[in-house]
Amino acid sequence: MTVQERLVRLLAEKNMTIAAAESCTGGMISQMITDVSGASAVFELGVCSYSNRIKMSVLGVAPETIEKFTELSLQTAEEMAKGVRAISGADIAVSTTGVAGPTGGSADNPVGTVYIALAQAGGIVSEKVNFNEDDINDRELIRRRCAEYVLEKAAKLTEGC
């Protein structure tokens, strides 16, 4: 059973829903969930918010957050998750923002760096992860690693509910 199949099954068993706000994963998390038969019962909304304008106008990320911390930050990821949860009414919301590469990295945020957040009624958890630890600089693989990681985190969160 794939992680997305497990997540959809768990959400359905617990009568819960999920939404996603994705930047660097470009909708991959949403696609992986909706690839599963029965996902329509648990998947509320997916927003692919590549631009800061959409992060702010649709997801409600504060301009001050992006100015102070940039779009590549835990603060932005948290506001993205909170925003998509508010829009969708989902029980759980996930978000990703980072550098999929192979270009665009910096000393603070090298290629493969992704900020992830998961929001639910009880609060929010976020973390910074690097999915390019082996220096492959493979955009597709970095995005897939991130998406699978987020789905696994969402499944564990759902199990605990």
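The model is predicted, so local features are given only at pLDDT of at least 70 and side-chain atom pairs only at pLDDT 80 or more, while totals for chains, interfaces and linings use all residues. Residues are numbered from 1 along each chain as its sequence is written, and side-chain values use heavy atoms, with hydrogens and water left out.

Let's start with empty space. Rolling a probe the size of a water molecule over the atoms shows where such space is left. Here a pocket is an open set of points on a 1 Å grid over the protein atoms alone, where a 1.4 Å probe fits and protein lies on both sides within 12 Å along at least five of seven lines. The largest pocket holds about 160 Å³, a volume being the space filled by probe spheres set on the points, which are joined across faces, edges and corners. Its lining is made of 13 residues, and S23, C24, Y50, G98 and V99 are the closest to the centre. Lining residues have an atom within 4 Å of a point. By class, five are nonpolar, five polar and three charged. In this scheme Ala, Val, Leu, Ile, Met, Phe, Trp, Tyr, Cys and Pro are nonpolar, Asp, Glu, Lys and Arg are charged, and the others, Gly among them, are polar.

The structure holds zero disulfides, a disulfide being a pair of cysteine sulfur atoms within 2.5 Å. For C24, the nearest cysteine sulfur is that of C146, 4.9 Å away. Another cysteine, C161, is partly exposed at 43%.

Next comes helix α5, which covers residues 74-88. Helices (H or I, at least four residues) and strands (E, at least two) are DSSP runs, numbered from the N terminus. With 15 residues, α5 reaches 21 Å from its first C-alpha to its last, close to the 21 Å expected at 1.5 Å a residue; the expected span is 1.5 Å times one less than the number of residues. Its buried residues are T76, A77, M80, A81, G83, V84 and S88. Seen down the helix axis, these fall within an arc of 165°, so they line one face of α5; the arc is that of the directions from the axis to the C-beta atoms. Just after the helix, G89 takes a positive phi of about 75°.

Q120 lies in strand β4 and is partly exposed, at 24%.

The loop between β3 (92-98) and β4 (113-120) contains N109, which is buried at 9%. P102 is found in that loop too, and the peptide bond from G101 to P102 is cis, with omega near 5°.

Finally, check two residues other than glycine with positive phi. T70, in the loop between α4 (63-69) and α5, has phi near 75° and is partly exposed, at 33%. D135, in the loop between β5 (123-130) and α6 (139-159), has phi near 55° and counts as exposed, at 61%.

Terms used
Buried < 20%, exposed > 50% of the residue type's maximum accessible area, 1.4 Å probe, protein only.
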